[in-house]
Amino acid sequence: MLLPIRWLKDYIEIDKTTRELADGLTLSGSHVESISNFNKGVENIVVGKILNIEKHPNADKLVICNVDVGKEKLIIATGANNLHVGDFVPVALVGAKLPNGISIEVTNFRGIDSFGMLCSLRELGYSDTVIPKESKEGIFILNKEYPLGMDIIDILNLDDQAIEFEITPNRPDCLSIIGMARETAATFNCELKEPEIEIKNEADKIDDYFNGVEVKSHNCVRFYGKVIKDVTIKESPLWLQSRLMEAGVRPISNIVDITNFVMLEYGQPLHAYNLGKLDGKKIVVRQANENEVMATLDGIERNLSTNDLIIADGKNPIGIAGVMGGFDSEITKDTKQVFIEGANFSDKSVRLTSKKLGLRTEASARFEKGIDPNLCEKAVNRVCQLVELIGAGTVVKGEIDIYEQKVEPKTITLRPERANKLLGTEISSNKMLGYLNGLGLKSIYDGKLIHTTIPTYRLDLSIEADLIEEIGRLYGLHNIESKPLIGALTRGEKSYKKNIEDKVKSILTGLGFNEVMTYSFISPKAYDKINLPQDAIERQYVKLINPLGEDYSVMRTTLLSNMMELLSRNYNHGVESMYAFEIGNIFIPKSLPVKDLPIEKKLLSISFYGDKDFYYLKEIVEKTLGRLGIKDIEFSREENNPSFHPGRTAKLSIKGESLGILGEVHINVINNYDLKERVYACLLDFDKIVELTNLEIKYKPLPKYPSMSRDIAVVVKEDIMVGEIEKIILKHGSGLIDSLELFDIYRGGQIGEGLKSVAYSITYRSYERTLTEMEINNIQKLIIADLENSLDAKLRS
Amino acid sequence: MKEKLGEIRSRALQTMDNVTSLGELEDLRVKFLGKKGELTSILKEMGRLSKEERPVIGQIANEVRNEIENKINCVKEELIEKQKYEKMEKEKIDISISTNKERIGHRHPLLSTIEELEDLFISMGFTVVDGPEIETVENNFDALNSPENHPSRDLSDTFYITEDILLRTHTSPVQIRAMKEYGAPLRIVSAGRTFRFDDVDDTHSPMFHQIEGLVVDENISMANLIHTLDIFIKELFGKDMKTRYRPHYFPFTEPSAEVDVTCMACRGKGCPACNNTGWSMELLGCGMVHPKVLENCGIDSDKYTGFAFGMGIDRITMVKYGLNDIRLLFDNDNRFLEQF
């Protein structure tokens, strides 16, 4: 919302600088985004009168003007062709400055010295978006006589400023100059003077010119209008044009300019129809027919449907309600009679139509946010008053007003002590009363309660808390003295799960892994890249209806693809090795299509490429889980996971319950991600980890009795896993094995093809007594016998 | 004899001053004190002495022996000490060499910021709770008093899974869950992933993070809210930080405010980063919980009042570390991660 300060001061008397206004309004809730100066750097430009125009003797495209600037008469050459003798124009004198930084000097144009420059609006610093079309090319002609030599800054009000506000969606009433004037008056405690609307001469009767309005849709809340006859369409007076340009609106012609002026002033969108073009001299407000077509003001054909509310004449659509008028009923130079519409349409209907057509206008933006239906009448009459004021036509007596369900002001009761309780303040009831009345909310205090009548333009006020907010913001939230929370002492805490999460993160960073964070949504193609078959369970994913693109279109059911992607990105950036982990959710639908909230399951993903191998990852996982008190993890060979190397992958489980997977990533997957290094990855069910975590530590006394060590080396077939050997050793250890260390695996030499030698160092110890040679030898014998029987092992001597 | 002893003593002590190795010293010990050493040889002649002389000479001989032994021990100690130093001198290394063989992991800067924020609120008596990333329209909008046709509900603003299920657009639905589950009084904080239909650029990401706090109790006021947030902001950004509470609008709070904090780039002096205002804008949104929201969660809004606040963690992380591009947080570039 752009608020020109001069316009604001039409309605309030206030002696504050723009900066002070901006600061005060920010603190009372109208957030200032920026302050802009109208003067973009203009200096020494004055009013001059063209005394005569001659052709340049040596240049076809130039003319030589004799210009009277009061103190002197100047010879000025120009290329413009819109000048007439007697025109009043802005003259940049020698030494003048223009917004683009140019200084004016005496310039020789093909043998003739020119002592200044005649200026266009663009040269005066106006943006192309607000310059009237007819003034776009050529010199800006002032449409009134001014004292010669008068500074153009004073005529165009260039020393003024405008404030740009961010208006919150609950305050559409502030999207108008009067709305902001009301806020200013309340903030600075001064009086608001709304224009007195009065039409002096009304002629004839509306029925003589217009056959009435028929409203056929509930999406039209109110339809109000008046007729103006004997219209002369021409450009608006400069004051009106300047007001519009200052507010960022391009002047077009008098009637349209007035409707725009009043829209800016009151916030009510208005439309002027060329009455002569209305079939049957009547208006029908209805939903469009399916596939009905109309050309809007911008000349574009629009396809309509029954969801769109339109304004039609006896035959055809003449406007899309609240969005844009029609091309055919547009005001043109020869328009003689005009129907001024001030209507109120359903915000939802306007929003949907505007969105569907991709057509967002000043009017639609305002209707979408909501407008007080009681404004229609005031705004249309204000238009009529201004038409009369600038002599653009004669107002016809009578009006159209179709308004079925009149919106009436409501009353809200406020408990002053409640306000103080909620704000934590001690504001007196009278002060509260003052704030509310200052805002134009008529309030009375009955000694106990404040009764406030809410004007219908305050669509945001419906309950007591809303009034408390009004009091709070005028008192100034920044003036509230802070008070500590009182009440029962509470102990802040994190959930157990979150604590475990923090613990895992600190263990893994301690082990040299970097924490990463990736998007919850991925591309469905990721499942191809991680080599999953079409019927993989992971492909049962939750899809977004409106993704930003395929890459972000499905909720992930695995963390592997994100991890691979980031490792690949790093690899291709030349990062030599990367060790990473992520704790994040996957999303598992309870049913497809989705009916309920999916299950969100937390996973721990650990991965790396670099100079380490499978056994390193396994050790990392064992040590990490070990710190959480999770021991006795069972590792079994996993040969069928399509994302992983069939010979180098293990399934993890505890007491038969699956915990996850760990291994080397499948060569196809590595290729799909453009990596040239082996990648190792582990995916663990984090919720299960939390469940199994046991942080209770029971101390085990340090050993008092000596240990005894024995080495054992057996030759077994290549496909026997050491885990099987260990199981047998431990089985016979009778709880006396203190540690078991695999110290050598040897192939070749005398061992023989397809065989390997596996060597262990076994340490025996009892915590109760000193062990004897004999019992250890017996255990060793049992172990060897079992190994020979079960695994066909041969003792190596 | 007495003279002989004196001569041995002074010769022994003298020669020992010039000893340079432990071997040499041992040789001397043998030479003077050994079984066939000089002193022993003399003592063997004791028999020739008179009864009266014997104890006198014996005493002198013992003194000489002790003196020589002491000297040997002293010299030995010195030599050992010297040897140690010589050894260490030889072992001198270039301590300016650095190796890079060990790895240490790094926490993600945004996630560690979350942990820092949570810990700060825990110290203020808040309990950390969690909510799902996929939410119902009911929890994300309806129960939070969001107007039915509010543009934030549009497909162009929010990611939908069905008409009733979406990716949460803020952490506020956790408020609803917490109030429904625990009722009043309540003091919680919740951080996590949030999603909005924004294309990726320097400052936008379709996934971002928020932290949300909620206090519900009897007699909770705006003054309490200001107190709590002031403490929090000073703890997080520094004691010299000032706050400015500006009235604002959120559907789920009434009154609502936005909080500006002293610009971190210029510490309030005014600079291009803060448009010369000295304020870092819109760091935080807050307000008193809307009575309808309390009622929606089954809490008596006349008895209980509450305040809520929320802020973007990505922005705070960026401000904290001087990041100029939000994408850095999601790219997981190892060279970026290893800076934290």
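Predicted model: local features only at pLDDT ≥ 70, side-chain atom pairs only at ≥ 80, totals over all residues.

Reader: OK, how is chain A split into domains?

Author: The assignment gives domain 1 (2-38 + 161-188), domain 2 (43-155), domain 3 (202-402), domain 4 (415-448 + 462-479), domain 5 (496-692) and domain 6 (708-795). Such bounds come from an automatic or database domain assignment. Between domain 4 and domain 5 of chain A, the C-alpha centres are 56 Å apart.

Reader: And what about chain B's domains?

Author: Chain B has domain 1 (2-90) and domain 2 (109-337), with 88 Å between their C-alpha centres.

Reader: How many residues are in contact between the chains?

Author: On the chain B side 68 residues are in contact with 72 residues of chain A; contact here means C-beta atoms, placed from the backbone, within 7 Å. The chain B side divides into 32 nonpolar, 19 polar and 17 charged residues. For those classes, Ala, Val, Leu, Ile, Met, Phe, Trp, Tyr, Cys and Pro are nonpolar, Asp, Glu, Lys and Arg are charged, and the others, Gly among them, are polar.

Reader: Where does UniProt put a "binding site" in chain B?

Author: The unreviewed UniProt entry places that feature at Glu254(B); annotations of this kind may be inferred rather than shown by experiment. Glu254(B) sits in strand E7 (residues 253-262) of chain B, where strands (E, at least two residues) and helices (H or I, at least four) are DSSP runs numbered from the N terminus.

Reader: Is Glu254(B) buried or exposed, and why?

Author: Buried, because Glu254(B) has 26 C-beta neighbours inside 10 Å. The cut-offs are 20 or more other C-beta atoms within 10 Å for buried, 12 or fewer for exposed, and partly exposed in between, with C-beta atoms placed from the backbone. Leaving out residues up to four places away in sequence, Glu254(B) touches Ala465(A), Asp466(A) and Glu469(A) from chain A, plus Gly287(B), Met288(B) and His290(B).

Reader: Switching topic: which residues have the most contacts inside the largest nonpolar core?

Author: Val338(A), Val383(A) and Val216(B), in a core of 253 residues. A core is a set of buried Ala, Val, Leu, Ile, Met, Phe, Trp, Tyr and Cys residues joined through C-beta atoms within 7 Å. A second, separate core of twelve residues includes Ile725(A) and Ile779(A).

Reader: What covers the buried residues of H9(A)?

Author: The cover includes strand E13 (220-229), helix H6 (254-266), strand E21 (338-345) and strand E22 (394-396) of chain A. Among the buried residues of H9(A) are Leu375(A), Arg382(A) and Val383(A). After H9(A) comes Gly391(A), with a positive phi near 70°.

Reader: Anything like that in chain B: what follows H10(B)?

Author: Gly322(B), whose phi is positive, near 70°. H10(B) covers residues 313-321, and its buried residues are Ile313(B), Asp314(B), Ile316(B), Thr317(B) and Met318(B).

Reader: Last one: which residues does Asn52(A) touch?

Author: Asn66(A) and Val85(A), not counting residues up to four places away in sequence. Asn52(A) is exposed, because 11 other C-beta atoms lie within 10 Å.

Notes. Residues numbered from 1 in each chain as written. Chains lettered and ligands numbered in written order. Contact = placed C-beta atoms within 7 Å.
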